[in-house]
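Biologist: Could you take me through this model, one topic at a time?

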There are 4 protein chains.
Amino acid sequence: MAASRLRLAMIGGGRGAFIGAVHRMAARLDDRYELVGGVFSSDPQRSRDSGADLRLAPERCYATLDDMLRTERNRPDRVDVVAVVTPNHLHYDPAKRCLEAGFHVICDKPLTTTLAHAEELSHLVGQTKRVFAVTYNYSGYPLVRQAKEMIASGELGDIRVVQTEYAQDWLATPVEATGNKQATWRVDPERSGMAGAIGDIGTHAFHLTEFMTGMRVTQLAADLSIAVPGRRLDDNGQMLMRFANGARASLWASQVAPGNENGLRIRVYGAKAGLEWSQETPNQLRFAPVGEQPRILTRGGPGLGAWAKAAVRVPSGHPEGYIEAFAQIYSDAADLIVASKEGRAASGGALLVPTVADGVRGVQFIQAAVSSSQRNAAWVSL
Amino acid sequence: MAASRLRLAMIGGGRGAFIGAVHRMAARLDDRYELVGGVFSSDPQRSRDSGADLRLAPERCYATLDDMLRTERNRPDRVDVVAVVTPNHLHYDPAKRCLEAGFHVICDKPLTTTLAHAEELSHLVGQTKRVFAVTYNYSGYPLVRQAKEMIASGELGDIRVVQTEYAQDWLATPVEATGNKQATWRVDPERSGMAGAIGDIGTHAFHLTEFMTGMRVTQLAADLSIAVPGRRLDDNGQMLMRFANGARASLWASQVAPGNENGLRIRVYGAKAGLEWSQETPNQLRFAPVGEQPRILTRGGPGLGAWAKAAVRVPSGHPEGYIEAFAQIYSDAADLIVASKEGRAASGGALLVPTVADGVRGVQFIQAAVSSSQRNAAWVSL
Amino acid sequence: MAASRLRLAMIGGGRGAFIGAVHRMAARLDDRYELVGGVFSSDPQRSRDSGADLRLAPERCYATLDDMLRTERNRPDRVDVVAVVTPNHLHYDPAKRCLEAGFHVICDKPLTTTLAHAEELSHLVGQTKRVFAVTYNYSGYPLVRQAKEMIASGELGDIRVVQTEYAQDWLATPVEATGNKQATWRVDPERSGMAGAIGDIGTHAFHLTEFMTGMRVTQLAADLSIAVPGRRLDDNGQMLMRFANGARASLWASQVAPGNENGLRIRVYGAKAGLEWSQETPNQLRFAPVGEQPRILTRGGPGLGAWAKAAVRVPSGHPEGYIEAFAQIYSDAADLIVASKEGRAASGGALLVPTVADGVRGVQFIQAAVSSSQRNAAWVSL
Amino acid sequence: MAASRLRLAMIGGGRGAFIGAVHRMAARLDDRYELVGGVFSSDPQRSRDSGADLRLAPERCYATLDDMLRTERNRPDRVDVVAVVTPNHLHYDPAKRCLEAGFHVICDKPLTTTLAHAEELSHLVGQTKRVFAVTYNYSGYPLVRQAKEMIASGELGDIRVVQTEYAQDWLATPVEATGNKQATWRVDPERSGMAGAIGDIGTHAFHLTEFMTGMRVTQLAADLSIAVPGRRLDDNGQMLMRFANGARASLWASQVAPGNENGLRIRVYGAKAGLEWSQETPNQLRFAPVGEQPRILTRGGPGLGAWAKAAVRVPSGHPEGYIEAFAQIYSDAADLIVASKEGRAASGGALLVPTVADGVRGVQFIQAAVSSSQRNAAWVSL
């Protein structure tokens, strides 16, 4: 008999939300979770209505987090794990309280809007020994993991240069003025935090950079800018970065680049080989050993390592995409949670799940970028 | 409150099967179905074990179809719909009996191994008024539907030329001799039917051709061939086709084309414009009006029609793929079934679901291709 | 000291012509030829004016071929080679007379409008021992030659399937009615011969197929069609082909496929590997060995054989294109001519130059395709 | 009668050189020049031998520049224009002396190894009124000019973000240690100047950025690095840049990025649209207006402006490449020279030819980048 499904509750993600629905599809795809309830909105009626849309038991569609924690704590079939999918400024409090109540947590990124809050969560995870996954979901793509494995095994030699970019265009015009819900909170410092594009997507690019290379950025010099008049947060940012081994990188994040939908792309160059991966064609990885013909690795095709193979659902040529990569994070987190319940160490892909430490790192990145930019792109350590 | 989930049973798809798992992910993704039981294998123990893997109630993991039909018919929470995901030669019998028992059916393709059986099923669907979907799953891709809508609305003008191909390479060597389960039955006339590649993938290419253009092929001249010595069924086939309006097409299906993973591709050319779509990059549709710059339509991007929009889950640039397209067929079939239960006509994407008529058409195609090839590529009407 | 430049005269290619200017750039690029005169138009004044545009000596810009042959024959610096770049129906006569006058000939394709004429020219070449090149220019691309070398050396194993296509869109509307000079003669049976698209571009596709594979097509079944009402010659054609070894092919040529500019593309699949090449991205060749990752060979990149290397002018990544490939034919023909002058055998790329035999073969192909199509796509041997 | 060919001499470009042969093909392609002599090497015998390879009159294959200037000055058929194609440190002196002797000059880039020298040449051009073209050859591509015209005409709106990169891999290993002639001088500060990759290719990327956008970079912050141990000049460099209007850019130049052959690429994003162009696929330009479907402009295809059209030799779909773009610079320079001879203003593409001012600008860029990098990527104005 397969392990039981984990009971999942959700904070946020009510009617009209985007990422909440993604989390739910991700939780469902591999059948490792059962959504049982949550607080889907700060408006109690909307929370209940959203739960009804999801065919949940009305009594588990709570008006407040307090209600949920109080009630669930005492149910025999209590929730195992809580997904926090609210806007950025509302991650910290529910994540903290869920941890304190003994629940495992899956939290959207960026983890918090201040570094102090991020570190506090990290501390609390250490104390409570709960699983805490942060949905840097792009690390769930099989070929991202393949690249990580190839770099870790030395196939690229010493890494010398990394080029990471994440370009979108949906904020190229002031859509926040038209009532676009996704835009409205993202351009608002009260809800988004100290950064705009750098926080929303730059942090994904940064995580991908460190995740794939297995190296730490030690310094950055960032020039954040505002392209659309009237905005208060960056909608474009370019930066130079350096690694401890002397390797150099640049990172570009923009939400005002017409013609780019969700253009997260990374290129890593080492002494022995280079590789390139792009999120919009995620089923291919280009690998170019020095002096040899470039090769195209495919998700499910020949020559994949264990990490990639474990993250593949259907044969090569049958494209998997964003939802599947997101689901991979969820399924690997399920392995972590089950291992935690069973008091044993996890292994395999579970060890690749972004944790609270990655969440902290992301906030450090945002803070460093903002700080550097405020000082005219001075170098800032992180 | 959302409509209840439909109760789904499955015939086939036990441990080690490929397409059964895909059907289950497809059924799960949009949360319209709940898998409740089935006959997962002709081996009763394997059926039960497979059900246990899926966390199903043991009493609903049946040893035989008879058991299932007898028992389920009398349950208050009886199954709504049965997915038939067995090898080709085992579609007809369970589909027939499920229809007769009053269940709706979702059946894999090709529908049957003989045209008589296909027509019998079609007749029975008419009698029983059950929903009968055939998983020509590639018609679930949003941009396939977009192309269909554009052609239907006249944006391409009169269609003149169609080029369809479906190239794979996994049978380029005699893998059936190595125990590959998927290969073994596909190259076996007893289980696969009268055709090999033409039945397995050619029928998808044919369905896509007629689905997208909205036109009927009236004649074909096929040259089926066997590339790998010792095989008894075609592993490659090329054919000329003609439509009623005088338009011409060619179709190529091959499982021995090294470097092709799942290369289903269609190009349609009309008097006013042309378009191209490829399954391996399904989130893009190239549209070229005569005398203008080609445009790239994207899943979720600007300018989509109603059919495509209704089949999109996540924003453009966040790739959706094979599982999502398959899920679309399932979800649209759910709409059909709910409409049937409620005694009303379905609308929207539900009307795009491939039906038993498409299943019959696919078998006609296979029979015509085989017949033509046996007569040295003589023209055969269909 | 390098060998002297060859003295080149041209028949056709006056003001307003397309292919004549291409021949002249091709002749110039590698500095192996000096254009010294010609008959650039059937209108004497236009011939002289065209020559003046080219800064030629007025006395060598002849009013008629007779004039040219009579005069040049007696000059001490007489012409070495004549390029025939007139419309199809005007190839035979000047080519014949130039051969008879002792000149080498470079002739555009298709060689002639009747097979009898083509064979007569072939016979005459044998008698006169002159070099006779036919500008199947796509065979001049380095990566086409690389593919030929790889196939010849067995890297693909036995060839099983070939898919060749040549799609354009410039005749998708009746541009001949608007005075387009290129279109007008191509759709006119008097000037173009028995075929339209099949003669103009299909013959390129056919030559490429036999050139690259090194195999002979033994049978074809063609369905030629007319998409634009009022035309008398095919503007679209699809066909099945068979090789002596049992391999199968299909070939598609169309000038009515919107969105295709000059889409000549070939895919060859053998028992050991497959490869793909497309004229619009000619600096890449995709090579996929069975069970391995596909590799991208580049013009000038790692792993090229002698034929490709010899046809490269600038380093990889610095694109070469159509003019360079055309120039390759000219330069290799120069090697043939110099060898002929010096009474020795040629070697290297010179042996790859399409000859009168290829010209004859092309006319056989056109005749077979037309004949098959007239008999409802019956198989025709060739 | 067409204008006479210009008489061209060459400094450098003898046996074994790369760029000299490119200049010669570029000069030849459009038949605007006749190479008549030069000083092809500092070794007199090698100079003569190189001239013999080129079929030049021995008496015009000079041993020294002095010889050439003294002799040519007095010939009635004296040289019109001198191409300087030596390594960087040998541009200044011959360019200066040729100008002083009254010749027009076409000089390779970067113009000089010091800014003082560059400015002196600029001054001298002003005094002598000679044409002085600098071969920033990538500006000769038709679609680069198309992009420039679209930006100039406001089709992109105010420019906000530019991403330029130029990535190669041929110096990923210490090939200079193996005797590679091209590498040896490029990594040597004595011959290459103060910069390595930034001077060799970064300056192309910079010119392209300013050429296409029509805007001036006002500040940059550069981090140049050395990836291959033992080198004294940068082989990789990343930088942030700012324009006067507040737009931001980043530029990356690398010769140690495995898998990149000649990856010059630019992306420009404005308030109304974005566009992308890549040198390795130069026949396409991607144009994405905000909120509309991206369009693919092709060289020779629909919708091109005057500048692009004037730079096209063969129809769309027939690829042009590096040599053609280089030839465009030569042919436009010929227009400039003829206009100068005739004492009239030039027009059209001639006005797009990179001049000595662009040469100076390139040296300013190199100096600023080196200076910034030496000060830990401090902002430097330019």
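Modeller: This is a predicted model, and we can go through its chains, its nonpolar cores and its cysteines.

Biologist: How does chain B superpose on chain A?

Modeller: Chain B is superposed on chain A by a rotation of 180° with 0.0 Å of shift along the axis, and the RMSD is 0.0 Å. The two copies are therefore related as by a two-fold rotation axis.

Biologist: And through which surface do the copies meet?

Modeller: They meet through the same surface, because 100% of the interface residues of chain B are also interface residues in chain A.

Biologist: Which residues touch the most other members of the largest nonpolar core?

Modeller: They are A:Tyr33, A:Tyr322 and B:Tyr33, in a core of 173 residues. Beyond its neighbours within four places in sequence, A:Tyr322 is in contact with residues of chain A, including A:Phe18 and A:Tyr141, and with B:Val314, B:His318 and B:Pro319.

Biologist: What does UniProt list for residues 144–275 of chain A?

Modeller: The UniProt entry, which is unreviewed, lists them as "domain: GFO/IDH/MocA-like oxidoreductase". In the model this span is 27% helix and 33% strand, and its end C-alpha atoms lie 11 Å apart.

Biologist: Changing topic, how many disulfides are there over all chains?

Modeller: There are zero. A:Cys107, for instance, is in no disulfide, and the nearest cysteine sulfur, in A:Cys98, is 9.6 Å away.

Biologist: Is D:Cys107 buried or exposed?

Modeller: D:Cys107 is buried, because its relative accessible area is 0%.

Definitions and conventions. Residues are numbered from 1 along each chain as its sequence is written. Chains are lettered from A and ligands numbered from 1 in the order in which they are written. This is a predicted model: local features need pLDDT of at least 70, side-chain atom pairs count only at pLDDT 80 or more; totals for chains, interfaces and linings use all residues. Side-chain values use heavy atoms; hydrogens and water are left out. A nonpolar core is a set of buried Ala, Val, Leu, Ile, Met, Phe, Trp, Tyr and Cys residues joined through side-chain atoms within 4.5 Å. Buried means under 20% relative accessible area, exposed over 50%, partly exposed in between (1.4 Å probe, protein chains only). Contact means heavy atoms within 4.5 Å. UniProt positions are given in the numbering used here, feature names are shortened, and annotations may be inferred rather than shown by experiment. Helices (H or I, at least four residues) and strands (E, at least two) are DSSP runs, numbered from the N terminus. Copies are superposed by least squares on the C-alpha atoms of residues with pLDDT of at least 70 in both. A disulfide is a pair of cysteine sulfur atoms within 2.5 Å.
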